[in-house]
There are 2 protein chains.
Amino acid sequence: MFLCVRLLLFLNKLSMMKRTTIKDLAQYLSLSTSTISRALLNDKNIHADTKNRVIEAAQKLGYKPNVTALNLKYGKTKSIGFVVPEMTTPFSSKVLQGVHNILYPLGYKVIILQSDEDPLRERENLLLLESFNVDGIIINLCHETHNQEIYQEIIQRGTPLVFFDRIPQNTLDVSKVLVDDHIKASLMIEHLISCGRTKIVHLMGPSTVRNSVERAGGYQRILTKHNLYDAQLMVKTNGVGFDDGRIAAKKLLDNKVQFDSIFAFTDTLAIGAMNYLQEQGIKVPEEIAIASFSGTEFSVNVYPQLTSVEQPLTKMGESAATLLIEKIKDDSSPSRTIILDAKLVYRASTLGKAL
Amino acid sequence: MFLCVRLLLFLNKLSMMKRTTIKDLAQYLSLSTSTISRALLNDKNIHADTKNRVIEAAQKLGYKPNVTALNLKYGKTKSIGFVVPEMTTPFSSKVLQGVHNILYPLGYKVIILQSDEDPLRERENLLLLESFNVDGIIINLCHETHNQEIYQEIIQRGTPLVFFDRIPQNTLDVSKVLVDDHIKASLMIEHLISCGRTKIVHLMGPSTVRNSVERAGGYQRILTKHNLYDAQLMVKTNGVGFDDGRIAAKKLLDNKVQFDSIFAFTDTLAIGAMNYLQEQGIKVPEEIAIASFSGTEFSVNVYPQLTSVEQPLTKMGESAATLLIEKIKDDSSPSRTIILDAKLVYRASTLGKAL
DNA sequence: TGATACTCTGGGAACGTTCCCAAGATATTG
DNA sequence: CAATATCTTGGGAACGTTCCCAGAGTATCA
């Protein structure tokens, strides 16, 4: 009864303050902060009874450790940055999910920034994250060479950087995770050819990023091998959004380019093009077959469903997070490159027979 | 020259350490930390020369303030949580963009958590954010009543909560931002009727959230007014994903329900249903017209383009962030509700003439 | 019995900053 | 010239925590 009144008085006093700290517990139990800390950290140098009393009191007073104090003490923020060209398509979201899978259980927070496919914006994002003192950064970049020195500087100043999907030039010694773009693109072109297509358009991504060049390389290699390569069918787009695909398709039709299929750098490009073609009354896949390179659920949520190279996006995020943790734990650990396997999934957009 | 050597020696010494602090500057310039602090904070009680020397040295040694120390001092983490049912459709991304617009310039970090439409997960997310000591939380909930007490408790323990889109019951005194679901749904039904549709299906969202009920209410009111209401056309779905729309459409066809149009709770439901119908050879909009309630770019990136109630999603995020800042600044400030205007945009999915 | 080992607890520095207080130096005033 | 105001700086506490060091008390040993 006496104890109860004492608790109430104490709680009342506390309610004025923001939050129960270790000092409050120390005062309440007439112990030192050292002892409280030991009790809460399961230190062996403490009497079992004392420990129980502390734990009970912590429960009663609603004690929660102050992570900021811990972070200051250990010189970490337990937060990491995630920088992507955009977050409005499921691509980045899927990767993010993988990142979360690894990092949240470890107590890390993830701070997301979008570069809007703008290298300047990307640069600002990186500097902002640095000013936030993040412990590391996972990034999908939007231009291969533009911010090269910034990456270098940031790493040198002590913030590890891990790249995924679009990676920087090889001169930079960093951990990264990617898929074998060249081979998978090649296989997809073989598939289109095996479906009887001969005039295959490639909607190529920005030539400032490696994947784009790799996939275009696979496309070109196979078509050349089959004597089907036609430079006019290689279409450069400005970006990788729905609109860019739409615009590219319109340009092809306007220029009366003859083609019977499209292989697009991303699912957004593919869908944008497909929508435009359908709006013009063109049948997919009968007149034009369409294939993409992606891994999001978009491919099965359009009509007709899209044949595509399905990248293991969540796995990609998990791998990137794992590589980052390696670097955070020991910044002199060697950089690693993880190459993930992507699989080709054939769906209605290429499987209907050609006219 | 002498100074230069001195700098190099100092830099060399620093390179062993993690980071330049105010103390390093103090030592380097033979000043006190107080003076350094004053110089860096533009305090007026400092000699202009001293200030310049400090700023110059800070530049040279690459000084960056330690935010964690600041956070500890001021009892804030300068971070807020963003809890959403999912992040893989552009809905949440769009809102997030608005949140970023307001919060990043103010130096806040945003931590995103997905509840996967699971109230238990949502609860865990909230507690996790609380353990991160976030200064506030913006949330789109996934079940109206399930976590009611948790919201209450979290607010009581001092973390302000702001709701958007799906909001909790009125018994909770909180800030929130929403659109007028009932009226906009009503207007959309009027539109379908004016297009000559009489058998309008409603793919209703989960009945555990307010919007869902509101939109269904608008649907029912207008149809009743026109003597067109038919309970069999009100379809409850399990979730709001593409699949749920697909399943609902399949069920309607399997049960040979007669209908000439669909009004869906979200664009994902609408698109899922539309894809299934098209796969079954049904023409949209000629045989079935489709309308949705959303605000993402999905509506213009499908074929045919979707008529929909376009919510100002980015604005929604900005409003929520603004309301949250109010609460963070002064937790006794009165709760506010912001009701945003959504506009109806008519597109091909309803505009083609009915057969 | 005296020396030694073990158990448990308290004191206080440290993480990086801000900011209050005090104080020395200089300028201003009557 | 003494008194006072102004400018500029340094000292040190505080934010919440961990952890090293020291020391009091008790148990163990020869």
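This is a predicted model: local features need pLDDT of at least 70, side-chain atom pairs count only at pLDDT 80 or more; totals for chains, interfaces and linings use all residues.
The expected span is 1.5 Å times one less than the number of residues, and helices (H or I, at least four residues) and strands (E, at least two) are DSSP runs numbered from the N terminus.

A note on ground rules: residues are numbered from 1 along each chain as its sequence is written, and chains are lettered from A in the order in which they are written. Local features need pLDDT of at least 70, side-chain atom pairs count only at pLDDT 80 or more, and totals for chains, interfaces and linings use all residues, while side-chain values use heavy atoms, with hydrogens and water left out.

Next I looked at how covered H12(A) is: twelve of its 13 residues are buried. Buried means under 20% relative accessible area, exposed over 50%, and partly exposed in between (1.4 Å probe, protein chains only). Among the buried ones I noted A:Asp267, A:Leu269, A:Met274 and A:Tyr276. What do the buried residues of H12(A) pack against? I found strand S6 (200-204), helix H11 (242-254), strand S8 (261-264) and strand S9 (289-294) of chain A; contact means heavy atoms within 4.5 Å. Just after H12(A), A:Gly281 takes a positive phi of about 80°.

**The two chains**

I then laid chain A on chain B: a turn of 180° and a shift of 0.0 Å along the axis give an RMSD of 0.1 Å. That is the relation of a two-fold axis. The superposition is by least squares on the C-alpha atoms of residues with pLDDT of at least 70 in both copies. In chain A, the residue closest to the rotation axis is A:Ile111, with its C-alpha at 2.8 Å. The same surface serves both copies, as 100% of the contact residues of chain A recur in chain B.

Each side of the contact has its count: 45 residues from chain A and 45 residues from chain B. Together the chains bury about 3900 Å², 56% of it on carbon and sulfur atoms. Buried area here is the accessible area (1.4 Å probe) that two parts lose on being put together, summed over both. I noted that A:Thr88, A:Asn301 and A:Tyr303 supply 15% of the area that chain A buries against chain B, more than any other three residues.

**Salt bridges**

How many salt bridges does the rule find across the interface of chain A and chain B? I got two; the rule asks for a side-chain nitrogen of Lys or Arg within 4 Å of a carboxyl oxygen of Asp or Glu. The side chains of B:Glu130 and A:Lys64 meet in one, at 3.9 Å from N to O. This pair runs from helix H7 (residues 119-131) of chain B to the loop between helix H4 (48-61) and H5 of chain A. B:Glu130 counts as buried at 8% relative accessibility, whereas A:Lys64 is partly exposed at 32%.

Last entry: salt bridges that share partners join A:Lys64, B:Glu130, B:Glu153 and B:Arg157 into one network.
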